[in-house]
Amino acid sequence: MTAYREKTLKGFDEWLEQVEALGFDFVELVSEWPHYLTKETLPTFKEAFSAHRLKVTLHAPFSDLNLASFNERIREASLGIIRETLVLAAELDALVVTIHPGHCSPVSVRNRRKYLEIHRESLRRIARWGEEYGVRIGVENMPRFPILDAQTCERLAEVIGDVEIGITFDVGHLNTTTGNFSGFLERFGTRIIHLHLHDNSGKSDEHLAPGEGTVPWETLVPRLPDTTWALEVGNLQSARKGLEFLKNLH
């Protein structure tokens, strides 16, 4: 849904028709402004998808949320939004829900051990909700950006610790940090339950169509797990180009 450019959902059904015609199997809803998935918007989304064969994956809200905030009220509000999202995901029979890890703040940088403790406890609660509502959850690795956490496979593994939760492997994000695709796949293996595919120059999170940047797709694609693959690009033209590119390699 990063390719849906309208500010309202008035044209969403027609857009789904175009997506379906391109040959995609599902659409990843991104619950961000101005298209939040809420109790109020759920009927609109359900009605639109009922007219198509497309299935649904879901990206939970992430802007202005922090699952690892030291401020309990901010943390609890963030967790409450994630919990509501999981309930709504179950209503949509979503195949998987992607969440962002918490992010750093001045207080968390000075208190790393406590920050990690808070972070893992939030993820444990989210994992329990996933089991309760029957929703698969993947924690996503982050791109190069000052306050973001879990930018490498080693740090993502440290953040998650022993929490029983899945991984959403964002190929484009890793290309902006270490580019260690083999290490990521070897480290997480079957814990990877969802993929975000897009390209960039290796310097910033550009969300280009696969093949337009420096990701080594020819060697990477044969190694990617057999799970849901979501293209995170900016428009349907890029989606069409990316899909054709990946099909030629798969």
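## Annotated span

The end C-alpha atoms of residues 17–248 lie 24 Å apart. The model is predicted. An unreviewed UniProt entry annotates residues 17–248 as "domain: Xylose isomerase-like TIM barrel".

## Largest pocket

The largest pocket holds about 800 Å³ of space. It is lined by 37 residues, and the closest to its centre are Val30, Glu32, Phe62, Ser63 and His100. By class, the lining has 17 nonpolar, 11 polar and nine charged residues.

## Second largest pocket

The volume of the second largest pocket is about 630 Å³. Its lining counts 28 residues, with Phe24, Phe26, Trp229, Leu231 and Leu243 closest to the centre. The largest share, five residues, comes from α10. The lining of the second largest pocket divides into 18 nonpolar, five polar and five charged residues.

Phe24 sits in the loop between α1 and β1. Its relative accessibility is 15%, under the 20% cut-off, so Phe24 counts as buried. Beyond its neighbours within four places in sequence, Phe24 is in contact with Val19, Arg53, Leu54, Leu231, Ala239 and Leu243. Two of these contacts, Leu231 and Leu243, are also listed among the residues closest to the pocket centre. Phe24 and Arg155 are 131 residues apart along the chain, and their C-alpha atoms are separated by 33 Å.

## Nonpolar core

The largest nonpolar core has 70 residues. Phe12, Leu29, Ile99, Ile126 and Phe169 have the most contacts inside it. Ile126 touches Leu67, Leu79, Ile82, Leu86, Ile99, Ile137 and Ile165, leaving out residues up to four places away in sequence.

Thr177 lies in the loop between α7 (171–175) and α8 (181–188). Thr177 is buried because its relative accessible area, 18%, is under 20%. Setting aside neighbours within four places in sequence, Thr177 is in contact with Met142, Pro143, Arg144 and Gln151. Thr177 and Leu16 are 161 residues apart in sequence; C-alpha to C-alpha, they are 33 Å apart in space.

In α8, the buried residues are Phe181, Gly183, Phe184, Leu185 and Phe188. They pack against α6 (153–160), β5 (166–170), α7, β6 (192–197) and α9 (217–220). Gly189 follows α8 and has a positive phi, near 50 degrees.

## Backbone features to check

Trp33 and Pro34 are joined by a cis peptide bond, with omega about 5 degrees. Pro34 is in the loop between β1 and α2 (42–50).

Asp64 is not a glycine, yet its phi is positive, about 70 degrees. Its place is in the loop between β2 (55–59) and α3 (72–91). Asp64 has a relative accessible area of 76%, over the 50% cut-off, so this residue is exposed.

His207 is not a glycine either, and its phi is positive at about 55 degrees. His207 is found in the loop between β6 and α9. At 23% relative accessibility, His207 falls between the 20% and 50% cut-offs and therefore counts as partly exposed.

How values were computed:
Residues numbered from 1 in each chain as written. Predicted model: local features only at pLDDT ≥ 70, side-chain atom pairs only at ≥ 80, totals over all residues. Heavy atoms only, no water. UniProt positions renumbered as here; feature names shortened; annotations may be inferred. Helix = DSSP H or I, 4+ residues; strand = E, 2+ residues; numbered from the N terminus. 1 Å grid on protein atoms, 1.4 Å probe; cavity = no way out; pocket = protein on both sides within 12 Å on 5 of 7 lines; lining within 4 Å. Points joined across faces, edges and corners; volume = space filled by probe spheres on them. Nonpolar A, V, L, I, M, F, W, Y, C, P; charged D, E, K, R; others polar. Core = buried A, V, L, I, M, F, W, Y, C linked by side-chain atoms within 4.5 Å. Buried < 20%, exposed > 50% of the residue type's maximum accessible area, 1.4 Å probe, protein only. Contact = heavy atoms within 4.5 Å.
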